[in-house]
Amino acid sequence: MSDLTPGRNEPCPCGSGRKFKRCCGAIRAKEASPALLRPRAVPREIPTIVNNDGDLLVQTRSLYEVADPVSLLVEVESWRPKPQIERERGPDRRLEALEAHYQRKPRAGRAAGERVLVARLEWRRGEHLIVETNSSERDLEIREKLALLPPSDIRFLRTEGNSMYELLSQPVSEEELRRAGEEQEEFSRRPEVSAKLSEIMRDYSRRWCDEVIPALGNRRPRTLVKTEAGRAKVLALLEDFERTPAPPGPGGMDCALIRRELGLPPGR
């Protein structure tokens, strides 16, 4: 083949009888095309998931061997803020089990001031103490508290941890989904849970009246209802909420409360 590149419409020097652009010229053009122009898979960026303290979210489960459960109970009762503790005693009044929920204010500056669950502790006679948290930092926080007990009363064994990325990547079977749904439904039927959810949604509904709502053009409902046009917009949005089927049990917005707060007529 000649070193000189023929014209695109000239016969290919390879002797094929075809035009250069449809023979060796096409191969050269393909080889010369920059690789950056070819489609390439772009890795998806995974967001960082943190808890209320700003720590990377990692579900931890630490195990402890407990020799003196009464000493453990006394220590946990001394924590401040005081944890919520449920005790189970046998016929002889001996401690058989305990479950504690330790809460405190979040440490992240941007977090809300309400208390957050830091750790859940569960112990039953004949079994290990289990401490569950959602970050390595919180796990260490509880470990430091338990380290105040004498080594003869409690002994740390190990910590198991999974990041949210690992947990979300695990396949979930239909049976697990069904069981989780039943547990969630049973949990939400508890009177104390139902009452707390209703209280939370009432507070949220009141705050909604003074929030900037994108669906209302980034305006506050309480400000909008001062004009007829704004009042009509807020009513239309509330009617849309009311037409949307609510999930079973408590937990939805209290549109009746919002109407009373804003001086709007009752819904149909």
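R89 has L95 of strand β3 as its bridge partner. This pairing belongs to a predicted model, in which β2 (residues 84–89) and β3 (residues 95–104) run antiparallel and are joined by six bridges. Five residues lie between the two strands of this hairpin, and R93 adopts a positive phi near 70° there.

In soluble globular proteins, nonpolar side chains tend to be buried together. The largest nonpolar core of this model comprises 21 residues, and L72, L121, L129, V131, I142, L146 and I154 have the most contacts inside it. At least two of its residues come from each of β1 (58–66), α2 (69–77), β3, β4 (116–124), β5 (129–133) and α3 (136–146). Another core, of 14 residues, lies apart from it and includes W208, L237, L238 and L262.

Within the largest core, L146 is one of the residues with the most contacts. Leaving out residues up to four places away in sequence, L146 touches Y64, L72, W79, L129, V131 and I154.

T133 is located in strand β5. Is this residue buried or exposed? T133 counts as buried because its relative accessibility is 5%, below the cut-off of 20%.

The side chain of T133 takes part in a polar contact of 2.4 Å with the side chain of T60. A polar atom of the T133 side chain also lies 3.0 Å from the backbone oxygen of S135. When neighbours within four places in sequence are set aside, the residues in contact with T133 are V58, Q59, T60, V118, A119, R138, D139 and I142.

How values were computed:
Residues are numbered from 1 along each chain as its sequence is written. This is a predicted model: local features need pLDDT of at least 70, side-chain atom pairs count only at pLDDT 80 or more; totals for chains, interfaces and linings use all residues. Side-chain values use heavy atoms; hydrogens and water are left out. Two strands pair if DSSP finds at least two bridges between them. Helices (H or I, at least four residues) and strands (E, at least two) are DSSP runs, numbered from the N terminus. A nonpolar core is a set of buried Ala, Val, Leu, Ile, Met, Phe, Trp, Tyr and Cys residues joined through side-chain atoms within 4.5 Å. Buried means under 20% relative accessible area, exposed over 50%, partly exposed in between (1.4 Å probe, protein chains only). Contact means heavy atoms within 4.5 Å. A polar contact is a pair of N or O atoms within 3.5 Å; within protein, one must be able to donate a hydrogen and the other to accept it, and residues adjacent in sequence count only if both atoms are side-chain atoms.
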